[in-house]
Amino acid sequence: MKTNISQEEREKLLSAQQGEMDGVETYLTLAKVVQNKTDAETFKKLAADEGRHAAVFRKYTGETLKPRRGQAIAASLAYRILGKKLAYPIIAHFEYSAIEGYRKMMKDYPELESVKQDEKRHGDTLKALAKNGEDNDVALWPFILGAIAVLRLFRRR
Ligand SMILES: [Fe+2]
């Protein structure tokens, strides 16, 4: 296990650890918010994966971090407003975007190979869930657009 960790590298590890903790919070929140049972069960598993990822970084940083709520709130708002068909691919995009950073760190931290593979799998899972037929959630965007259209009609008078 790598022990000679520079300050700069430590910052990187801490920020990755924070990102994983935020991921735990995000998936646990989504599991509560989504109406589809399959999606909710899946998100609980993804949250557990993110927890394991955070533990990989904690081994090196020696710090216990608390999750921040911002990303979880943004993800549940995206779900409520856009519906899963639009929101899940956006979340998948964030999973995929973590891959490159982890790939670069793999030379020093070989455990990140499996973490990186998990993020890819998470992205693929989200995309698959977005496409599955059980779309029993109600997106708010048609109502929001409808309300705006009505308000504009009234304004014209
Ligand atoms: Fe992760």
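Let's start with Met106, which sits in the loop between H4 and H5. Helices here are DSSP runs of H or I, at least four residues long, while strands are runs of E, at least two long, and both are numbered from the N terminus. Residues are numbered from 1 along each chain, as its sequence is written. The model is predicted, so local features need pLDDT of at least 70, side-chain atom pairs count only at pLDDT 80 or more, and totals for chains, interfaces and linings use all residues.

What does Met106 touch? Leaving out residues up to four places away in sequence, Met106 touches Leu112, Glu113 and Lys116. Touching means a contact: C-beta atoms, placed from the backbone, within 7 Å. Now take Ala139. Met106 and Ala139 are 33 residues apart in sequence, and their C-alpha atoms are 39 Å apart in space.

Next, the whole chain. There are 6 helices and 0 strands. The C-alpha trace spans about 70 × 35 × 25 Å along its principal axes. The chain has 157 residues, and 29% of them count as buried. Take contacts between residues at least 6 apart in sequence: 76% of these join residues at least 24 apart.

The axes of H3 (residues 70–82) and H4 (residues 84–105) come within 7 Å and cross at roughly 150 degrees. Axes are lines fitted to C-alpha atoms, for helices over the stretch in contact, and angles run from 0 to 180 degrees between N-to-C directions. So H3 is roughly antiparallel to H4, a label for angles over 145 degrees. On the H3 side, the contact is made by Ala75, Ala78, Tyr79 and Leu82. H4 brings Lys84, Leu86, Ala87, Ile90 and Ile91.

Last, the cores. A nonpolar core is a set of buried Ala, Val, Leu, Ile, Met, Phe, Trp, Tyr and Cys residues joined through C-beta atoms within 7 Å. The largest has 21 residues. Which of them have the most contacts inside it? Leu30, Tyr88 and Ile91. H1, H2, H3, H4 and H5 each supply at least two residues of this core. H1 gives the most, with 6 residues. A second, separate core has 5 residues, among them Tyr102, Tyr109, Leu112 and Val115.

Definitions and conventions:
A residue is buried if 20 or more other C-beta atoms lie within 10 Å of its own, exposed if 12 or fewer, and partly exposed in between; C-beta atoms are placed from the backbone. Two residues are in contact if their C-beta atoms, placed from the backbone, lie within 7 Å. Angles under 35 degrees count as roughly parallel, over 145 as roughly antiparallel, 65 to 115 as roughly perpendicular and the rest as oblique.
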